[in-house]
Amino acid sequence: MGEQICDGPVHTGSESANNTNVEKNGETVESVTYYTLEEIRVHSMSSDSWLIIHDKVYDITSFLEEHPGGEEVLLEQAGSDATESFEDVGHSTDAREMLQQYYIGEVHMDDRKKEQAKDENEANSGEFSSSWTTWLISAIAATIVGVMYRYYVFEHKSS
């Protein structure tokens with residue numbers, strides 16, 4: 001359940017998903033547990049709720065009843081990426097700091113790439129279509145203004 005990656009030994013999902021510390025060159029290096037989207041989606045009930053916020057995974061089960069906005073808003077996002085909802089609300093610095101105590105790991109790198117690639121493709125296709133329509137509307141507007149100007153100038157010269 002989750003994969004731990006650090007500069008030391010690698011732990012896979014068949015082992016405990018808890019963070020461990022590895023000593024390297026006299027320094028303690030904290031490992032990170034990576035979870036796939038499939039693993040995270042399973043945790044979407046009131047008895048077991050995980051959220052993704054900025055590619056970090058949080059187990060918010062114990063926080064559900066304490067959430068000022070009610071547990072329903074958290075349960076709607078449980079088991080999925082809640083980054084956009086979290087940012088849209090405009091949480092305080094205290095709320096962001098409080099979030100750290102529920103941190104359990106990060107989204108697996110393979111799943112991050114899928115989400116980012118999908119978002120980039122949607123953004124790029126949107127940019128192309130919006131820039132194309134912007135140019136078309138501008139060209140039509142310029143043509144109309146030009147025709148109206150010619151008509152106005154021609155009418156005043158003939159009178």
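Arg-41 has a relative accessibility of 48%, so Arg-41 counts as partly exposed (buried is under 20% relative accessible area, exposed over 50%, partly exposed in between, with a 1.4 Å probe and protein chains only). The model is a predicted one, where local features need pLDDT of at least 70 and side-chain atom pairs pLDDT 80 or more, while totals for chains, interfaces and linings use all residues. Residues are numbered from 1 along each chain as its sequence is written, and side-chain values use heavy atoms, leaving out hydrogens and water.

Arg-41 pairs up with Glu-38 in a salt bridge, 3.8 Å from N to O (a side-chain nitrogen of Lys or Arg within 4 Å of a carboxyl oxygen of Asp or Glu). The two are 3 residues apart in helix α1 (residues 37–41), so about one helical turn separates Arg-41 and Glu-38. Helices here are DSSP runs of H or I with at least four residues, strands are runs of E with at least two, and both are numbered from the N terminus. Glu-38 is partly exposed too, at 49%.

In total, the structure holds 3 salt bridges. Another joins Arg-96 to Glu-87, at 2.9 Å from N to O. Arg-96 is partly exposed at 30%, and Glu-87 is partly exposed at 31%.

Next comes the largest pocket, with a volume of about 430 Å³. On a 1 Å grid over the protein atoms alone, a pocket is an open set of points where a 1.4 Å probe fits, with protein on both sides within 12 Å along at least five of seven lines; lining residues have an atom within 4 Å of a point. Of its 20 lining residues, Phe-63, His-67, Leu-74, Phe-86 and His-91 are the closest to the centre. Helix α2 gives the largest share of the lining, 4 residues.

Ile-144 belongs to helix α5 (residues 109–158) and is partly exposed, at 46%.

Definitions and conventions
Points joined across faces, edges and corners; volume = space filled by probe spheres on them.
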